[in-house]
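Reader: I have just opened this one and would like someone to walk me through it. Could we start with the terms, and then go through the parts one at a time?

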Amino acid sequence: MNTTAILLLVIIVAVIAVGAFLFWQWRRSAALQQRFGPEYERAVGEFGDQRKAEAELAAREKRVRTLDIRSLTPEEQARFTEAWKKAQARFVDEPSQAAADADILVKKLMETRGYPVGDFEQRAADISVAHPAVVSNYRAAREIALRNKTGKATTEDIRQAMVHYRSLFEELLETAEPATRKEEG
């Protein structure tokens, strides 16, 4: 083979390799966008860079796979359902306390399912893996709860927080085996 043919072959192989890499990156981005929905856009905005955001989302998935997230027993599900009904009923007379109760109840539910519950941002990140559609509600509810603690939330704000908490609560209450369950073995 002459030098020109070898050079042409090397260029073709390089173009194919670059094309395959770009295609793989595009598919990975599309899969993360589909998996995380609005959380993907929030992460891109937070990190200011698509690659950094995608690395963070992939790291979340990897972290959550190591957790032992479990389904609730029927007894636990009934107990949490009853506790939620009480928190909602309390809203009529004590909206601020009802929202605080809802926040605590969601945290206890997460803990019972196997999510670590130390830091709020870590909780939200962990929840975003299995429940990306409602994690924004959780953040919004938390923001309202913080304003509520300082007396800066209106009754309508608190009502909205209860709606947000309920959306996450209902998803966490599910009885089906979660897709993020740590593999046995």
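Author: Let us begin with one term: a residue is called buried when its relative accessible area is under 20%, exposed when that value is over 50%, and partly exposed in between. Please also keep in mind that this is a predicted model.

Reader: Fine, so is Tyr138 buried or exposed?

Author: Tyr138 has a relative accessibility of 0%, and it therefore counts as buried.

Reader: And which aromatic residue does Tyr138 pair with?

Author: A search of the whole structure finds 4 aromatic pairs. In one of them Tyr138 is paired with Phe120, with the ring centres 4.9 Å apart and the planes at 55 degrees to each other, which makes the pair tilted. Because Phe120 belongs to helix H6 and Tyr138 to helix H7, the pair ties together parts that are 18 residues apart in sequence. Phe120 counts as buried too, its relative accessibility being 11%.

Reader: What about the nonpolar core, how many residues are in the largest one?

Author: The largest nonpolar core has 41 residues, and those with the most contacts inside it are Val106, Met110, Tyr138, Tyr165, Phe169 and Leu172. Each of the helices H1, H2, H3, H4, H5, H6, H7 and H8 supplies at least two residues of this core.

Reader: Which residues does Met110 touch?

Author: Leaving aside residues up to four places away in sequence, Met110 touches Tyr115, Val117, Arg123, Ile127, Tyr138 and Leu172. Met110 is also one of the buried residues of H5, among which are Val106, Leu109 and Arg113 as well.

Reader: Then tell me about H5, and what covers its buried residues?

Author: The cover includes helix H4 (74-90), helix H6 (120-130), helix H7 (135-149) and helix H8 (155-172). As for its length, H5 runs over residues 95-113, and at 1.5 Å a residue these 19 residues should span 27 Å, which agrees with the 27 Å between its end C-alpha atoms. After H5 comes Gly114, which has a positive phi near 115 degrees.

Reader: Changing topic, how many salt bridges does the structure hold?

Author: It holds 17 salt bridges. In one of them the side chains of Arg42 and Glu39 meet at 3.3 Å, N to O, and both residues lie in helix H2, 3 residues apart, about one turn of the helix.

Reader: Last one, which residues do salt bridges with shared partners join into one network?

Author: That network is made of Glu39, Arg42, Glu46, Glu56, Arg60, Glu121 and Arg139.

How values were computed
Residues numbered from 1 in each chain as written. Predicted model: local features only at pLDDT ≥ 70, side-chain atom pairs only at ≥ 80, totals over all residues. Heavy atoms only, no water. Helix = DSSP H or I, 4+ residues; strand = E, 2+ residues; numbered from the N terminus. Expected span 1.5 Å × (residues − 1). Buried < 20%, exposed > 50% of the residue type's maximum accessible area, 1.4 Å probe, protein only. Contact = heavy atoms within 4.5 Å. Phe/Tyr/Trp six-rings, centres within 6.5 Å; stacked < 30°, edge-to-face > 60°. Core = buried A, V, L, I, M, F, W, Y, C linked by side-chain atoms within 4.5 Å. Salt bridge = Lys/Arg side-chain N within 4 Å of Asp/Glu carboxyl O.
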